[in-house]
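Please have the sequence and the model open while reading.

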Amino acid sequence: MGTLVLVATPIGNLGDMSPRAIEALQNSALICCEDTRRTGGLLSHFGISGVRMAIANEHTETARIDEVLNLLSAGQTVALVTDAGTPGISDPGERLVRAAIDHHHVVSAVPGPSADVMALVISGLPCHRYVFDGFLPRRGPERQQRLREATGERRTVVLYEAPHRLARTIDDLHAICGDDRRVVLARELTKMHEEVWRGTLAEAVTHVATREPQGEYVIVLDGAEPPAQADDNDIRAALTEQLATSASTKSAVATVAQRLGVPKNRVYDIALSMSAQPRGTSAS
Ligand code: SAM
């Protein structure tokens with residue numbers, strides 16, 4: 001059985017190339033990469049020679065699958081790198097991984113740099129639970145939908161963005177979230193001009209408007225505040241509405257509890273108090 005190994009490469013600073021990454025590339029029968037010139041430069045910098053490269057980019061990854069599977073079936077190791085960072089993270093990789101798994105080959109990785117994780121851990125925003133949402137679609141209803149999802153998310157959200165679209169994305173986030181949501185712009189990570197800007201969305205709008213964004217950026221957005229806790233009147237109103245359509249009190253209670261994010265027994269007690277009252281009256 002062969003092994004497909006995903007090898008993470010530096011996102012800017014060549015000092016982040018690990019000894020295991022160099023060894024894995026040197027010991028592969030084939031290195032799949034997005035750009036042979038770019039990866040060729042990396043290989044020669046680290047003295048890796050005699051390993052064939054083949055392009056597996058966004059457009060050619062699927063066409064490369066048969067060749068990779070043939071090598072894996074012959075017991076060889078195939079490495080997969082991208083231009084920078086961890087393959088598969090807003091980069092090619094997923095289709096080759098899926099094909100290798102479907103054909104029962106071993107899939108492994110040499111972990112290393114990834115801009116999303118680095119930006120998250122240095123952001124100062126909660127990082128015990130987070131969502132990586134990659135690049136937002138550029139336009140149309142899909143963009144609006146993803147913006148709604150990202151801004152409604154309670155966990156910290158990590159986004160990638162191109163510098164020339166940064167101002168528009170910050171404007172869109174600001175329009176939905178308002179002034180005060182915290183945001184972090186992590187720029188040129190691991191490079192000479194690494195910079196981490198932290199502030200609110202209102203401040204971010206001014207920040208990106210007053211200087212031309214340049215280089216590579218990660219946006220880290222604080223999660224949304226939990227909705228205000230429902231009080232007894234909210235529960236009563238939701239129950240009245242639900243009881244008009246639900247088959248049973250039990251299902252109305254379950255639906256309301258889930259919708260308002262309150263414990264079922266609290267909703268049930270209120271439902272009981274409502275059914276104990278004479279018709280046409282309601283508790284204050
Ligand atoms: N696979 C890569 C990874 O693991 O981070 C990401 C590749 S994706 C095509 C490129 C995007 O990642 C950039 O547009 C930027 O948003 C982010 N990125 C990559 N390198 C970065 C860096 N050094 N500083 C900040 N963001 C970076």
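Around the ligand there are 19 residues, of which Asp-91, Ser-114, Tyr-160, Leu-189 and Tyr-217 come nearest. The model is a predicted one. The ligand sits in the largest pocket.

**Ligand contacts**
- Tyr-160 places a polar side-chain atom 2.7 Å from an oxygen atom of the ligand.
- Leu-189 contributes through its backbone: an N or O atom there lies 2.8 Å from a nitrogen atom of the ligand.
- For Glu-188, a backbone N or O atom is 3.5 Å from a nitrogen atom of the ligand.
- The ligand taken alone exposes 570 Å², and the protein buries 90% of that area.

**Cysteines**
- The structure holds 0 disulfides.
- Cys-32 is in no disulfide, and the nearest cysteine sulfur, that of Cys-33, is 7.5 Å away.
- A disulfide requires two cysteine sulfur atoms within 2.5 Å.
- Cys-32 counts as buried because its relative accessibility is 0%.
- Cys-127 is partly exposed, at a relative accessible area of 38%.

**Domain layout**
- The protein chain is divided into domain 1 (3-113), domain 2 (116-221) and domain 3 (232-276).
- Between the C-alpha centres of domain 1 and domain 3 the distance is 55 Å.

Note on methods: Residues numbered from 1 in each chain as written. Predicted model: local features only at pLDDT ≥ 70, side-chain atom pairs only at ≥ 80, totals over all residues. Heavy atoms only, no water. Domains from an automatic or database assignment. Buried < 20%, exposed > 50% of the residue type's maximum accessible area, 1.4 Å probe, protein only. Near = heavy atom within 4 Å. Polar contact = N/O pair within 3.5 Å; in protein donor to acceptor, adjacent residues only side chain to side chain. Areas by Shrake-Rupley, 256 points an atom, 1.4 Å probe, with all protein chains shown as cover. 1 Å grid on protein atoms, 1.4 Å probe; cavity = no way out; pocket = protein on both sides within 12 Å on 5 of 7 lines; lining within 4 Å. Sits in = over half its atoms within 2 Å of the grid points.
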